[in-house]
Amino acid sequence: MVTEKSAIFIIFGGSGDLAHRKLYPSLFRLYKSGILKDHFAVIGTARRPWSDDYFRETVITSLEDYFEDDKKIMEEFAKHFFYQSHDVNDSEHYIALKNLAAKLDDQFETGHNRVYYMAIAPRFFGTVAEHINSEGLKTDGYNRLVIEKPFGRDLDSACELNGNISKAFPEDDIYRIDHYLGKEMIQDIPHIRANNPVFEKALNNQYVSNVQVTLAESLGVEDRGGYYETAGVLRDMVQNHIMQIIGAVASDDPKATDAKIIHKDKTNLFNSLKVLTAEQVDTDFVRGQYDTDKLGDQKAYRQEDNVAEDSEIETFTAGRIEFESDRWSGVPFYVRSGKRMPAKSSRIDIVFNEKVADLGIKANTVVTLLIEPEDGNSILINGINYKESGQDFIKFPEEEEFDSAREAYESLIIDILSGNRVHFTLWDELRSTWKYIDSIRERWDSQTPDFPNYLSGTMGPDAAEMLLERDGNSWAWD
Ligand SMILES: NC(=O)c1ccc[n+]([C@@H]2O[C@H](COP(=O)([O-])OP(=O)(O)OC[C@H]3O[C@@H](n4cnc5c(N)ncnc54)[C@H](OP(=O)(O)O)[C@@H]3O)[C@@H](O)[C@H]2O)c1
């Protein structure tokens with residue numbers, strides 16, 4: 001049964017790309033499913049002086065890119081949208097926002113609930129959070145703050161940002177988005193582990209040879225060169241998404257349902273990351289930057305818009321991560337992410353050793369959990385669908401298999417409206433992962449890379465293959 005939710009969304013950066021490409025389509029899906037119905041309103045804010053009508057037109061246009069619905073439904077939905085011109089640095093503007101929200105609260109009977117969504121540049125996150133507090137926007141309903149990535153660019157800046165935000169909002173009201181945690185396969189992993197006792201029993205250093213996480217993109221940086229120059233793939237993909245994916249596979253208690261226990265478990269795992277010395281960074285992490293392709297048709301990274309001609313930013317990385325824990329010490333977690341790889345693919349490959357035969361699983365079996373491009377559920381055993389594999393130690397719990405694939409943002413917005421923080425990143429987790437990433441970044445920043453070093457459309461530099469060969473292993477996706 002669908003339970004209708006009540007809230008006012010205040011979207012900072014309501015005229016921007018993320019809001020139009022991700023948030024409004026997701027809110028529309030929730031509207032069509034009845035989770036949002038009569039008791040919600042959306043206030044879009046940004047500096048440009050739009051009218052409500054113009055804002056609604058932009059919302060409808062953004063929906064038309066994704067849905068073929070009757071325009072009438074979109075117009076009904078758009079009647080819940082309001083625009084308030086607003087500069088994040090102007091205190092007066094927050095008062096106007098507060099008054100509009102109070103008026104809409106009465107009009108739509110939203111129970112004084114507020115979702116403050118930061119779809120703006122990260123440098124504004126602290127300013128906005130502080131003003132929401134100081135200008136009295138908070139109500140006696142719930143007041144939840146949603147923060148997009150990136151959360152800092154290293155441990156120091158993340159600490160500073162967190163300090164600013166936590167002056168205004170308690171940790172329990174902060175929802176840090178990592179959209180991979182909204183993806184169906186990632187959400188299914190605890191259920192898969194909890195419902196397949198033999199598989200779960202094999203998930204440790206006795207039976208696992210290595211774990212591989214690949215987040216490959218076929219596109220280059222496109223029009224985001226300016227942002228990418230401040231980030232690089234290590235910060236953009238490894239610190240957050242890859243670490244959180246590892247957290248889903250490697251945490252201790254998949255049966256836990258309580259958010260606090262789940263996060264404690266993940267924090268313990270990240271606290272056990274074996275931080276690399278400078279010399280280990282040289283041997284255990286590879287970085288790359290894409291060149292043109294074999295035919296010379298594609299732009300090299302250094303030729304992209306808003307990218308320096310001598311940029312040292314990495315668009316590819318592969319690394320070997322280890323944990324010092326009873327469960328995982330000695331098992332390499334190989335991670336890899338890059339742009340302009342041959343195909344888009346997000347996957348986890350769990351490579352078992354020979355000893356796993358003791359549990360009735362064929363020696364050296366590889367279990368692949370496909371996150372993308374397949375939306376929804378997909379498990380492979382030695383490269384073929386698990387149902388046709390002849391091994392039955394792993395299957396989807398029945399109720400999961402027939403789950404309709406939800407878009408990640410849609411699922412995360414439902415969680416925000418329900419006060420469920422399981423699929424969001426907590427500060428303690430971020431602190432440990434930043435500490436780990438900083439050790440790599442510091443070493444890299446002290447050396448000049450030999451870039452570009454891989455052709456567009458390839459699997460990255462050769463060193464990424466050698467990283468595994470050195471241990472007698474190889475990438476399952478190659
Ligand atoms: N786009 C994505 O796919 C994506 C994915 C993951 C995370 N993110 C994160 O989401 C956030 C937004 O990204 P985006 O791509 O949507 O950026 P964007 O298209 O540049 O939008 C930025 C928004 O902020 C507003 N803004 C800028 N300066 C302002 C100010 N001083 N006061 C009030 N509003 C201001 C802009 O409108 P005005 O110029 O009219 O003020 C615009 O609405 C960023 O933190 C980004 O890292 C984006």
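1. Ligand and backbone. In this predicted model, a polar backbone atom of V88 lies 3.0 Å from a nitrogen atom of the ligand. The backbone of L18 also takes part: one of its N or O atoms is 2.8 Å from a ligand oxygen atom.

2. Ligand and side chain. R47 uses its side chain, where an N or O atom sits 2.8 Å from an oxygen atom of the ligand. On its own, the ligand has 880 Å² of accessible area, and the protein covers 80% of that.

3. The shell around the ligand. How many residues surround the ligand? There are 20, and the closest are S15, D17, R21, R48 and I120. Sorted by class, the shell holds nine nonpolar, seven charged and four polar residues. Helix α1, which spans residues 17-32, gives the most to this shell, with three residues.

4. Strand β7. Is this strand, residues 208-216, largely enclosed or open? Eight of its nine residues are buried, so the rest of the structure largely encloses β7. Buried here stands for a relative accessible area under 20%.

5. Partners of β7. Strand β11 (residues 345-352) pairs with β7 in the antiparallel sense, over eight bridges. Strand β10 (residues 333-338) runs parallel to β7, and six bridges join the two.

Notes:
Residues are numbered from 1 along each chain as its sequence is written. This is a predicted model: local features need pLDDT of at least 70, side-chain atom pairs count only at pLDDT 80 or more; totals for chains, interfaces and linings use all residues. Side-chain values use heavy atoms; hydrogens and water are left out. Buried means under 20% relative accessible area, exposed over 50%, partly exposed in between (1.4 Å probe, protein chains only). Helices (H or I, at least four residues) and strands (E, at least two) are DSSP runs, numbered from the N terminus. Two strands pair if DSSP finds at least two bridges between them. A residue is near a molecule or strand if one of its heavy atoms lies within 4 Å of it. A polar contact is a pair of N or O atoms within 3.5 Å; within protein, one must be able to donate a hydrogen and the other to accept it, and residues adjacent in sequence count only if both atoms are side-chain atoms. Accessible areas come from the Shrake-Rupley method with a 1.4 Å probe; for residues, only the protein chains shown count as cover. Ala, Val, Leu, Ile, Met, Phe, Trp, Tyr, Cys and Pro count as nonpolar, Asp, Glu, Lys and Arg as charged, and the others, Gly among them, as polar.
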